[in-house]
Amino acid sequence: MKKIYLLFLTSFISSWLWAQQDSITTKTKTYGKIKFIPLPVIGANPTSGLMLGLAPGATWFMGSPENTSISSALGSIIYTTNKQWIFTAKGNTFLRGDRWNLLTDIRYFITSQPTYGLGTGPQSGKPIADGFEEFSNNPYTPISTAQMMAFNYIRFHQTVMKRYKETRFFGGLGYHLDYHYSIDDKMLDLNSTPQTLTSHYVYNIQKGISTKEYLLSGISLNALYDSRDNAVNPYKGRYAFANIHINPEFLGSSKSSTVLWLEYRDYLHLSKDRPRHLIGLWTYGWFLTSGKVPYMDLPAVGWDQFGRSGRAYTQGRFRGEDVIYSELEYRVPLQKEKETFGAVVFVNGTTASNRLGGINLFDYINVGYGAGLRIMIDKKARTNLNLDYAFGDYGAQGFYLGLNEVF
């Protein structure tokens, strides 16, 4: 079965790379070069320690800008003093005339992360392993009571959607692989008296899933409406995306399951003369609709395609069988006529369920908020350099450096 799965995956990757190479060759001859920005990464947090690396970004057109939306890609090559390696490649590609839309998400991690159990609310901040003591999520104070896990992770998500006639509706299929292996649940101690159990261990044992490695492999059905005027920094338009992942065991999944994703974005103008002056809305719902999903593959904040949700919180801070996330962002230019500098103020909220623990959606909502500076480094493509600082519940806070708007 693994050989069949690997053959399918290899064929899929090869076909996609061939299509991309063919399209890019056509584009570079006719429509100009890819604009590449090699953004350096220098930062620190208690999970990773000191982080050093590159987070390059690129924008390009696969056809005439008159009828083709801008394509974009973000990547990262990062090493940390906690001996973590993070490699990512994520893209949103529109082929010539917007006839096709391709969504790509490739990741390889050798890493460690704290986990906090399932659900939102004060109980999610207390590991079940050490007497339910309070903790701090401050990035400048090490977290001693979080449930730290080390693991390796491979993700390959590729979605291909065809545009319906001359509308802004797209539909298509995808393949999705998530593989966690070499899992080391740091706080788990089955030999102590009493035993020290972690949320990861308890959940997976209850679901009959290995606690050392697991695989999620399946196809998706996708529907998209995208009328945004610019995918990397929209001033107008709407975005609505729905997909359902079908993860059968015969494709390699540890357990069969289905998972639903629903997403919506909109932009409210506050000035006719300055389209950059607006309020943006972003919301998504992520739901386990059937079957059993391994703990680390459950819906979680910060695990959207570009990892932008949940500013103020570490990735995966809130996890559950169901997650609903919403964010409002006020965007304003800082210059009277020029567009070089701008600012944002934002607030977000997350609710997550814990079905085994009796926590439902909207029983608790955890909030994050903050502000940021925008520097437009490519006015034609509207590429922004983002510098954000955010605060949240339980002492959470964080600094975020990136390219393109968050949504």
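Aromatic pairs come to 21 in this predicted model, counting rings of Phe, Tyr and Trp (its six-membered ring) whose centres lie within 6.5 Å. Residues are numbered from 1 along each chain as its sequence is written, and side-chain values use heavy atoms, with hydrogens and water left out.

**Rings and charges**

- The F109–W303 pair links distant parts of the chain, with F109 in strand β5 and W303 in the loop between β11 and β12 (322-333), 194 residues apart.
- Both F109 and W303 are buried, where buried means under 20% relative accessible area, exposed over 50% and partly exposed in between (1.4 Å probe, protein chains only).
- Ring pairs also join W261, Y267, W282, Y284, W286, Y325 and F407 into a cluster.
- Two rings have a charged end over them: K162 sits over W100, 5.7 Å from the ring centre, and R317 sits over Y116, 4.1 Å from the ring centre. The rule here is NZ of Lys or CZ of Arg within 6 Å of the ring centre and within 35 degrees of the ring normal.

**Nonpolar cores**

- The largest nonpolar core has 52 residues, and F241 and Y284 have the most contacts inside it. Such a core is a set of buried Ala, Val, Leu, Ile, Met, Phe, Trp, Tyr and Cys residues joined through side-chain atoms within 4.5 Å.
- Strand β11 (residues 278-291) gives this core its largest share, five residues. Strands here are DSSP runs (E, at least two residues), numbered from the N terminus.
- Another core lies apart from it and has five residues, including W60, M62, L95 and L102.
- Beyond residues up to four places away in sequence, Y284 touches W261, L262, E263, A300, V301, G302, D304, S309, V323, I324 and Y325; contact means heavy atoms within 4.5 Å.

**Strand β4 and its partners**

- Seven of the ten residues of β4 (residues 85-94) are buried, so this strand is largely enclosed by the rest of the structure.
- On one side of the pairing list, β3 (residues 71-80) and β4 are antiparallel over eight bridges, with S72 bridged to N92 of β4. Strands count as paired if DSSP finds at least two bridges between them.
- Four residues separate β3 and β4 in their hairpin, where K83 takes a positive phi near 65°.
- β4 also runs antiparallel to β5 (residues 100-115), joined by ten bridges, and W85 stands opposite I110 in β5.
- The β4–β5 hairpin has five residues between its strands, and G97 in the turn has a positive phi of about 70°.

**Two buried positions to look up**

- A150 belongs to strand β6 (residues 147-163) and counts as buried because its relative accessibility is 18%.
- A150 and S112 are 38 residues apart in sequence, yet 3.9 Å apart in space, C-alpha to C-alpha.
- Leaving aside neighbours within four places in sequence, A150 is in contact with T111, S112, S182, I183, D184 and K186.
- Q113 lies in strand β5 and is buried, with a relative accessible area of 8%.

Methods:
Predicted model: local features only at pLDDT ≥ 70, side-chain atom pairs only at ≥ 80, totals over all residues. Phe/Tyr/Trp six-rings, centres within 6.5 Å; stacked < 30°, edge-to-face > 60°.
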